[in-house]
Amino acid sequence: MKFIHIADVHLGAQPDKEYTWSQQRGEELWDSFREIIEKAKKEQAELLLIAGDLFHRQPLKGELKEVNYLFSTIPHTQVVLMVGNHDYMKPDSYYRDFPWNENVTFFKSQELKRVYLKELQTYVYGLSYHSREITQPCYDDLRPGGEPGNHILLAHGGDKNHIPIQFGRLAAAGFDYVALGHIHKPQILSENKMAYAGALEPIDQNDFGSHGYVEGILSAKGTRIRFCPFAKREYIPLEIQTNEHMPQSLLEAVIRENIEESGKEHTYSIYLVGYRDEKLRYNLERVRHLGRIVDVEDYTEPALDIEALRRQYAGTVIGEYIRHFPESPEGTQLAALHYGIQALLQTKR
Ligand SMILES: [Mn+2]
């Protein structure tokens, strides 16, 4: 049996608020979800597992209708859905009595339940969040039943306030697969047994790295899973090494080049590290306009004018210190010279 496991789609989120592309990014979350449905159809996945936080907040009725319509376009795929801490089931939530399409199984209760998907000879275990936080470790003592067939756990959480999980114990519980949601970074926690699919698309600037879904096959030989990158964009931290011979224009050229190389579609946080000309302060506002940039931080230090210091402090401890370095030091020697002089100047003060 072929399955697709997704989580944390966060429909309704508006990533990168205050940036010009924010609204478009919100649309992209929907596009990606639609494309996953297409994928399930094309790949003839028999099971689509959605491990919570499909929505970023309470879904509107129209949004549930849209999602349900999409599910109806894959009638040969069984969809199993739970809600997470973001879209948790409020007393007046539209989730409560929404009439799902017949290929959709929805975990309504906060108590752990088990459903049997007859055509797939598969039991799926799960619950839904009825509050923003659940601090009880609901999954730790869970064991699959002994009936023949596949036994899958669909779960959301894994931190202190969202169902803490003892991962080693859960991996050994005996499930054929544990499909996890909540942590946005995709990670296979137990080979072919247990994984966070991660957010389908990265949602905020700390969701670094590749995002997508988990694809798996359950057979008599056991379970096989792999992570498939799928997201349209990534958040990339970009460290730019500066030096005192790098004026603003050159800095901008270097950043532009880096962005072109890694992909203009991605969203960047830029960190400037190294030395800069003593008199220069980089214009970070200009840097912000070089691409999809959400953060620029300047950690550069002014390069000292060694020649001037050598003259000024001739015959003193500082002059002596400088004398021990070659004429034009590089790399660690240069760093040692700078840190040393700065320390000595500080002591002097
Ligand atoms: Mn969550």
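Two strands count as paired if DSSP finds at least two bridges between them. Helices (H or I, at least four residues) and strands (E, at least two residues) are DSSP runs, numbered from the N terminus. The structure is a predicted model, in which local features need pLDDT of at least 70 and side-chain atom pairs count only at pLDDT 80 or more, while totals for chains, interfaces and linings use all residues. Residues are numbered from 1 along each chain as its sequence is written, and side-chain values use heavy atoms, with hydrogens and water left out.

**View 1. A mixed sheet of six strands.** The open sheet has the strand order β5-β6-β7-β8-β10-β9, with mixed pairing. Because β5 (113-117) and β9 (187-190) stand at the edges with a single partner strand each, one side of each has no neighbour in the sheet.

**View 2. The pairing of β9 with β10.** Strand β10 (residues 194-196) and β9 pair in the antiparallel sense over three bridges. Tyr196 in β10 stands opposite Gln187.

**View 3. The salt bridge between Arg25 and Glu201.** A salt bridge is a side-chain nitrogen of Lys or Arg within 4 Å of a carboxyl oxygen of Asp or Glu; by this rule the count comes to 17. In the bridge between Arg25 and Glu201, the closest N and O atoms are 2.8 Å apart. Arg25 lies in helix α1 (residues 22-42) and Glu201 in the loop between β10 and β11 (212-219), so the pair ties together parts that are 176 residues apart in sequence. Residues are called buried under 20% relative accessible area, exposed over 50% and partly exposed in between (1.4 Å probe, protein chains only). Arg25 is buried, with a relative accessible area of 2%, and Glu201 is buried as well, at 1%.

**View 4. The salt bridge between Arg57 and Glu63.** The side chains of Arg57 and Glu63 meet at 2.8 Å, N to O. Arg57 is partly exposed, with 30% relative accessibility, whereas Glu63 is buried, with a relative accessible area of 13%.

**View 5. The salt bridge between Asp298 and Arg281.** Here the N to O distance is 3.8 Å. Asp298 belongs to strand β15 (residues 293-298) and Arg281 to the loop between β14 and α5 (284-287); the two residues are 17 residues apart, and the pair links distant parts of the chain. Arg281 is exposed, at 58% relative accessibility.
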